[in-house]
Amino acid sequence: MQNSLVSILIPFKNTSFFLNECLDSILQQTYTNWEVLAINDHSQDNSMLILEEYAKMDSRIKVFNNQGKGIIEALRTAYSHSSGNLITRMDSDDIMTPNKLDVLVCNLMGSGKGHLAVGQVKYFSKKGISNGYERYEAWLNRLTKKGSNYTEIYKECVIPSPCWMVYKEDLDTCGAFDPNRYPEDYDLTFRFYENGLLCIPCNEVLHHWRDYDSRTSRTSEHYAQNYFLDIKLSYFLKLDHDPRKTLTVWGAGFKGKAIAKGLLEKNIEFQWLCDNPKKIGKEIYDVVLKHYTALENISAAQSIITVANKEAQTFIKRYFKNLEQVHGEDYFFFC
């Protein structure tokens, strides 16, 4: 199994405080047949110097400057220099468990092409982890444990960007890092889904995900909520929307309005539903909001749910069950 070369793609920018821990965790891997393609995305600290020192110590670590600007261009640059038949990504501020590559390689090669090896993740931070991140971690690991990640793909990104591995051939089939679309990890996840790559269940934490205030996903406009909603709606219309059914949007908060606006811009008709008595009967974007029970008078409906409240979601699931409608076919949670 050690005959398979793993290419580890690592964009980095101003992460000098964390690079030593990241690189040391790679050097400590029990699986040793790997190469690091580290791409300097215009760092202004001493990140490049740190990488160059590690490259001098270990020839498996290779350092290049980004041919463009930003994470997507950095990933393309890294991928263009890769030689492995197995590809994975790593964030320069995170830490691998010592057996991460071993587990991913074993799972992927045991299942063969057409599969995606994933691992569970653990957040860590000097300031402690927020309840939101704790919930996301538990939710993501629950899906990964069963390999059922795609079942909730329209809620959040269901494949952690630094904890997957795939055959290079399959990554190419999915378009690799060609699209100029952020969030790039969520877009790639949808392309894994679109091309039918099966997630391999994993019950082990393989990656420690660092959280801090200046983390890119917290500070870059590319990871704002509207970018996520645009990707969700775009892929839903491409992959799961049934134009023979009446499309409904349930919820008129920020996300509901964003989805409704997106549908109107695409000239796609829909019925807008909610349970808020203050909004029922009113017009938003020239669409009259109806009580959710209007669903009972639609012979064939397909619904986008934009209600985030957990108790409300539980009620909504029961309601659709009573209507004998199926999650992932007749209705989809977008949050």
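Predicted model: local features only at pLDDT ≥ 70, side-chain atom pairs only at ≥ 80, totals over all residues.
**Annotated domain**

In the UniProt record, an unreviewed entry, the annotation "domain: Glycosyltransferase 2-like" covers residues 7-172. The end C-alpha atoms of this span lie 14 Å apart, and the span is 40% helix and 22% strand.

**Cavities**

Rolling a probe the size of a water molecule over the atoms shows where empty space is left. A search of the whole structure finds two cavities of 30 Å³ or more.

The lining of the largest cavity consists of I72, L75, A176, F177, P179, R181, E184, D187, L188 and R191, which divide into six nonpolar, no polar and four charged residues. Helices α3 (71-80) and α7 (184-194) each supply at least two residues of this lining, and the largest share, four residues, comes from α7.

The second largest cavity is lined by L75, R89, S161, W164, F177, E184, D185 and L188, a set that divides into four nonpolar, one polar and three charged residues. Here too α7 provides the largest share of the lining, with three residues.

**Aromatic contacts**

A pair of aromatic rings is described by the distance of the centres and the angle of the planes. The search of the whole structure finds 27 aromatic pairs, and two of them are set out below.

| Pair | Geometry | Centre to centre | Angle between planes |
|---|---|---|---|
| Y79 and F177 | edge-to-face | 5.6 Å | 85° |
| F315 and Y319 | stacked | 6.2 Å | 25° |

Because Y79 lies in helix α3 and F177 in the loop between α6 (168-173) and α7, their pair ties together parts that are 98 residues apart in sequence.

F315 has 31% relative accessibility and so counts as partly exposed, whereas Y319, at 10% relative accessibility, counts as buried.

Elsewhere, ring pairs link Y154, Y186, F190, F228, Y235, F236, F332 and F334 into a cluster.

**Lysines over a ring**

The ring of F333 has the charged end of K155 sitting over it, 5.4 Å from the ring centre, while K317 lies over the face of F333 at 5.7 Å from the ring centre.

Notes: Residues numbered from 1 in each chain as written. Heavy atoms only, no water. 1 Å grid on protein atoms, 1.4 Å probe; cavity = no way out; pocket = protein on both sides within 12 Å on 5 of 7 lines; lining within 4 Å. Points joined across faces, edges and corners; volume = space filled by probe spheres on them. Nonpolar A, V, L, I, M, F, W, Y, C, P; charged D, E, K, R; others polar. UniProt positions renumbered as here; feature names shortened; annotations may be inferred. Phe/Tyr/Trp six-rings, centres within 6.5 Å; stacked < 30°, edge-to-face > 60°. Buried < 20%, exposed > 50% of the residue type's maximum accessible area, 1.4 Å probe, protein only. Lys NZ or Arg CZ within 6 Å of the ring centre and 35° of its normal.
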